[in-house]
Amino acid sequence: MPDFLTQTALLWPLAIPLATAALCAALWSNAKAQRAANLAGLCLTLVASLVLLNSVMTEGIQVKQFGGWAPPFGISFVADQFSAAMVVISSILALAAGVFATADIRRRQERSGFYPLFQGLMVGVNGAFLTGDIFNLYVWFEVMLITTLGLITLDRTRAQLDGALKYAVLNLFSTILFLMAIGLLYGVTGTLNMADLAMILPNTEGSVALTVAAMMFLLAFGIKAGFFPMFFWLPASYHTATIIVSAVFAGLLTKVGVYACFRVFTLLFEVEDGGIRPLVAFFAAGTMVFGVFGAAIQWDVRRILSFHIISQIGYIMLGLAIATPLALAGAVFYIIHHIVVKANLFFVAGAIHRATGTFDLRKTGGLMKSSPLLAVLFLIPALSLAGIPPLSGFWAKFMVIDASFRGDAAWLGAVALFVGLLTVFSMSKIWIEAFWKDSPRKIVHVRAVPVAMLLPIAALGAITLAIGFNPEPLVAFSQLAAETMADQAQFIAAVFNERQIAGVQP
Amino acid sequence: MSLVYALAIAVQMGCGVYLLLSRHVVRIVLGVVLLSAATNLLIFVAGGLVFTAPPVIVQGTQTLGAEAANPLPQALILTAIVIGFALVAFAAALVLKTYRAVGSVLTSGHTDAEALGSPFDAEATRNA
Amino acid sequence: MSIIFSTMSRLFFALMLIVSIYMLFRGHNEPGGGFVGGLIAALGFALLALAENVATARRALMVHPVALMGAGLLLAFASGLPGLLSDRSFLTHWWAEIGSLHLGTATTFDIGVYFVVIGGVLCLIFRLYEEVDQ
């Protein structure tokens, strides 16, 4: 049985959410059974993703051909260290969200199909991380898009419908761009398998079609990830969703765009040629600065945090702009740290809402006295996001900024440091307004925050602390992941050797 | 031949983008429809335009004939059409629902998401 | 609704279901398949909803569209599992020859798709019709 498990390890992080989504939909009229299936599915997914990470660490890159069709004709699924880590961290986040949901999701939202949609989103996210086929990546993006649209409009309020409309149009435009880029790429190379593309592209003469395709990939993923000139859909829609949905979106969705960007621009295209590097550097700097400035004016916790997603994406893209092994390792570290911290902050925002009944910082206050535990649990991710040592954000920022000074991009490092200062400003604003100051309202009725909300917040906080106080293993892992990611030959060899290993006849 | 197709696709995309920039949400959805149709045509052209037999394996043989068309772009387009169909159906339903809830088909009338948690006191209190 | 339309819709509903099942199995070796078949069946139910009302069509469907979608997805998912046993790859299909009959797990997959399409399309159509009625 263990043999069977390791041979099929790649499948389960994808198959379990899919089966759970189907099961939750099939159990439509029975909310209790859906709830149980959802939690069971999330636990199993986490176990499966840990098994996958384990087999990637011990045996190297894992490859699976779905349907047994040999590459480059069949659809390959590939897991290297980077994608396996992403799957693990998103499964952890999903489980935290599932536990949080038991206290936060109302009956109405369950009846709107929260569980099937949530599991469907996890299928899309894990599929996007694991696929080795560029067209298949597009399909997973669409799976994510349609489930996120369902999740945003869970309550069908006017604000949600409005936000969803903006989200839908911009993201549809992004996927159309993505599809166009795939069409152009296919026209030039005649293949869609990423490993095959990585073999063919270096030997292909540069052409206008290829340059245009590369730019379109950058734009399409940029819209998804929330880069500087294209991020406006994000703060216009994320804050309208119910808080748990916002948390999952904040943690995962933009990161899938970033992941796709890293995959395409390390495996298929070089950042070096075609003027992509200055463009990415410009995007990264703009994303950091405008995200943090956008947050400074806001008073709603969700909107502050939404803008901070953008500014943090800038730090991650900084890694791609410099593209040295050190910078890529920093980016991997940053993504892992950021998924945990950002989702945790949204969870805290949900807890603040539960305790005080509002997301507006001007109306909250006094939480320091009434729920000191929540205050401590807020401080961990908030200080980590701002990059205060010794929390995980400090090491993440240190790695990318160090890489930018070593990689002849000192101005990017300077921008990053400046933005870090402003992040402290936003986080201390939440701290002062929600926790420190006295409540401005006469009726000081603070509701208790249920344990099911505090538990995931505490667990994610513990991960942040663990990374912060013992960063060495994760740094080593990030360096390994970055090395594998940058080494195209290893990826190609893994995909094309799989035929013999699995004993599949082409 | 390819040039004619390319021009046609360009015109269609231009129309799509023009509609997408409109203030009327139904036009925006139509713009998305036009754009995705143009993209499907683009994949079709990128796959090579030649007059050939359909890519169906003839009864009794195991492989495609030498003169058959490339089936992959067709499979891609089919997938893209199905996905596009679902998304456009959803977008249309969303537009209808938004119109019912907000009472406007103009994006200038859709201010609810922006007003929610607005940093400006006037907007925040108006919608409180 | 006119009496001709509502009477004929019953007839067409039955006809469309039969055609859809024919289409589903025709897809095995010829153009057709679960997606097209599912669309035709969904249109049959939509016709019924248009001629009578949505409640009648919902009763004719017997289960909630989303539940049907989930069941179809489960079926399609389960059809991929046997492949794991034979060569460790999901969706590798099993085939059995019984005389001239050619059976395989791919058919199960297509039946799953058929249900998913019916459920998905009807979920949307029923909601839209219901809103128009209101």
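1. The radius of gyration is taken over C-alpha atoms, and the globule rule is 2.2 Å times the number of residues to the power 0.38. By that rule, a compact globule of 128 residues would have a radius of gyration near 14 Å, but chain B has 22 Å. The C-alpha atoms of chain B fill a box of roughly 75 × 30 × 25 Å along the principal axes.

2. A word on the source. This is a predicted model, where local features need pLDDT of at least 70, side-chain atom pairs count only at pLDDT 80 or more, and totals for chains, interfaces and linings use all residues. Residues are numbered from 1 along each chain as its sequence is written, while chains are lettered from A and ligands numbered from 1 in the order in which they are written.

3. Confidence comes next. The predictor gives the complex an ipTM of 0.92 and a pTM of 0.93. pLDDT is the predictor's confidence in each residue, from 0 to 100. Chain C averages a pLDDT of 88, and 99% of its residues score at least 70.

4. Chain B has five helices and zero strands. Helices (H or I, at least four residues) and strands (E, at least two) are DSSP runs, numbered from the N terminus. The elements of chain B run α-α-α-α-α. Of its 128 residues, 25% count as buried. A residue is buried if 20 or more other C-beta atoms lie within 10 Å of its own, exposed if 12 or fewer, and partly exposed in between; the C-beta atoms are placed from the backbone.

5. Chain C has six helices and two strands. Their order along the sequence is α-α-α-α-α-β-β-α. Its C-alpha atoms fill a box of roughly 55 × 30 × 20 Å, taken along the principal axes. Buried residues make up 41% of the 134 residues in chain C.

6. Now contacts within chains. Two residues are in contact if their C-beta atoms, placed from the backbone, lie within 7 Å. Among contacts with a separation of 6 or more, residues 24 or more positions apart account for 67% in chain C. For chain B the figure is 46%.

7. How does chain A meet chain B? In this contact, 37 residues of chain A touch 33 residues of chain B. H8(A) gives the most to the chain A side, with 19 residues. By class, that side has 22 nonpolar, seven polar and eight charged residues. Ala, Val, Leu, Ile, Met, Phe, Trp, Tyr, Cys and Pro count as nonpolar, Asp, Glu, Lys and Arg as charged, and the others, Gly among them, as polar.

8. The contact between chains A and C takes 23 residues from chain A and 17 residues from chain C. On the chain A side, helix H2 (12–26) and strand S1 (62–65) give two or more residues. H2(A) gives the most, with eight residues. By class, this side has 14 nonpolar, eight polar and one charged residues.

9. The largest nonpolar core has 274 residues. Such a core is a set of buried Ala, Val, Leu, Ile, Met, Phe, Trp, Tyr and Cys residues joined through C-beta atoms within 7 Å. A:Ala181, A:Ala321 and A:Val400 touch the most other members. Leaving aside neighbours within four places in sequence, A:Val400 is in contact with residues including A:Tyr315, A:Leu318 and A:Ala416.

10. The buried residues of H20(A) include A:Met453, A:Leu460 and A:Ile467. They pack against helices of chain A, among them H4 (81–104) and H15 (325–356).
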